[in-house]
Amino acid sequence: MAKHETPLLDQLESGPWPSFVSDLKAQAERRAKNEEGIEFQIPSDTVDDLLGILELSFKHGRTHWKHGGIVGVFGYGGGVIGRYCDQPQAFPGVEHFHTMRVNQPAGKYYTTDYLRTLTKLWDFRGSGITNMHGATGDIILLGTTTPQIEEIFHTLTHDMGQDLGGSGSNLRTPADCLGQSRCEYSCYDTNAMVYFLTNEYQDELHRPAFPYKFKFKLDGCPNCCVASIARSDMSFIGTWRDDIRVDQDAVNKYVENDAAYPANAGAFRGSKDWGPFDLEKEVLGLCPTKCMKFENQKLSIDNANCTRCMHCINVMPRALKIGKETGCSILVGAKAPILDGAQMGSLLVPFVEVNPDNDYEAITEVIENVWDWWMEEGKNRERLGELIMRQGFQKLLEVTGIKAQPQHVQYPRTNPYIFWKEDEVEGGWERDVEEYRKHHQR
Amino acid sequence: MSDLLDNTEEATKAVVAFLEKKSKSKTKFYLKDFYKVFPDDKPRMIKKVVNKMVEREILEYWSSGSTTMYGLKGAGIQHSSEGEE
């Protein structure tokens, strides 16, 4: 028997998709029965009360969660987010319902033993509710009380070799795709770079450093499976600077509709018959820069005009491969629409080498120049993307020492004025008035 | 690093004096507010020193989850005022 009546939440279970309400009800029941005999360190009815307060919020049309708070583990300024409800008498189980962010491993590779240990810990010291994973990428442990936080942190760090993630005005936990560990499209080892960035910028990850949040996300190729271009202040997207490798025999196998060369990499086709593969229509016709042609059974690509959309490679992976000279592009300033609307990242560095042997020197230099500028000039709660909008992309180029390049230009300029700086003009602003008067009367 | 920021005791005094002066109107401050206390220093250095003051339990963090603020330890809303021990 449920502790609270939840008619509005029950309705959410009636749709065709799996419902978090069903999951929470199952968890509430599991805690009530406690067949495993767990010595719960927080109220056993915390999940019942979570359902209760959510129902009340739906009924009232407003939240019953309060502000954040002063919770954290010693020495850390992130990783724990205080949550308190404003109806503690009716819902004592969620009076304190803090969130913990746990730094997910690069590529989100887990052992089943690790996951069992983690969920066991969370059943014991928390609500048992997790979010695998939050938008930033961390493992999110939802719902515990203040006295449990240091205990959980101790177990995580001492017994599991596991750190907390970032929250607040910190560097957030870097997130990446599987990269070269599983994917032939990946232009660099995203897992290795996430590991490096996490260690290199530990201080920024654990202690507030910035005007607001700052996110790194890493995609191994322009397919952008992590959507770093839309979700991170600094996005590293794998790319190549030589040519797409073409296996002409394999291209012709695709054209001939050879069964061993399924179009669209053999992706799910549904029940519809899409007909035989048509290279002209499905690849050449869809190329955004129309830089490909197929003549006399030979596919040619004008690589200088390729924008790395990945479409042709995705459709014919046995015939086309990424180039050999690989690295990454750096884009900056993406964010969600809290202020000013959502923004996609802007290309700052078209190509940079990804070199673990020199500690990614070329990349850390860009990161630190951008941080120095944002920390100095950024207003409180201003994201990097908003600072770029406010002070201009030109200013960003100046502080990073990067020269303007054609790749920075999105569309022809609409402003006819050019503002020169004194050092950009021969002779500067000073002039010899007497010399001038020799040739020009007053 | 300026002499003021380099001297732990003096830097602490300056920060505490700044926070106490403002304590009537507010108890939580952004990191950027401390830039005024150390006008000759780089933000990254200020961040290191201020965060050390949290470790030494002179200051404490307050976090909304998305933004972090600093306050004098014990000032403003505390666990106890949320009904926690």
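**Entry 1: two domains of chain A**

I began at the interface of domain 2 of chain A and domain 3 of chain A, where I found zero salt bridges, and I keep in mind that the model is predicted. One residue pair is in polar contact across that interface, with both residues at pLDDT 80 or more. I then looked up which residues touch, and noted that five come from domain 2 of chain A and six from domain 3 of chain A.

The centres of the two domains, taken over C-alpha atoms, are 32 Å apart.

**Entry 2: chain B against chain A**

Next I turned to the contact between the chains, which takes 30 residues from chain B and 44 residues from chain A, and for which I noted about 2,900 Å² buried, 48% of it on carbon and sulfur atoms. Here I counted five salt bridges, and one that I looked up joins the side chains of Lys47(B) and Glu204(A) at 3.1 Å, N to O. I also recorded 14 residue pairs in polar contact between the chains, both residues at pLDDT 80 or more.

On the side of chain B that touches chain A, helix H3 (43-55), strand S1 (59-63) and strand S2 (68-72) each give two or more residues, and H3(B) gives the most, with six residues. That side divides into eight nonpolar, 10 polar and 12 charged residues.

Technical notes. Residues are numbered from 1 along each chain as its sequence is written. Chains are lettered from A and ligands numbered from 1 in the order in which they are written. This is a predicted model: local features need pLDDT of at least 70, side-chain atom pairs count only at pLDDT 80 or more; totals for chains, interfaces and linings use all residues. Side-chain values use heavy atoms; hydrogens and water are left out. Contact means heavy atoms within 4.5 Å. Buried area is the accessible area (1.4 Å probe) that two parts lose on being put together, summed over both. A salt bridge is a side-chain nitrogen of Lys or Arg within 4 Å of a carboxyl oxygen of Asp or Glu. A polar contact is a pair of N or O atoms within 3.5 Å; within protein, one must be able to donate a hydrogen and the other to accept it, and residues adjacent in sequence count only if both atoms are side-chain atoms. Helices (H or I, at least four residues) and strands (E, at least two) are DSSP runs, numbered from the N terminus. Ala, Val, Leu, Ile, Met, Phe, Trp, Tyr, Cys and Pro count as nonpolar, Asp, Glu, Lys and Arg as charged, and the others, Gly among them, as polar. Domain bounds come from an automatic or database domain assignment.
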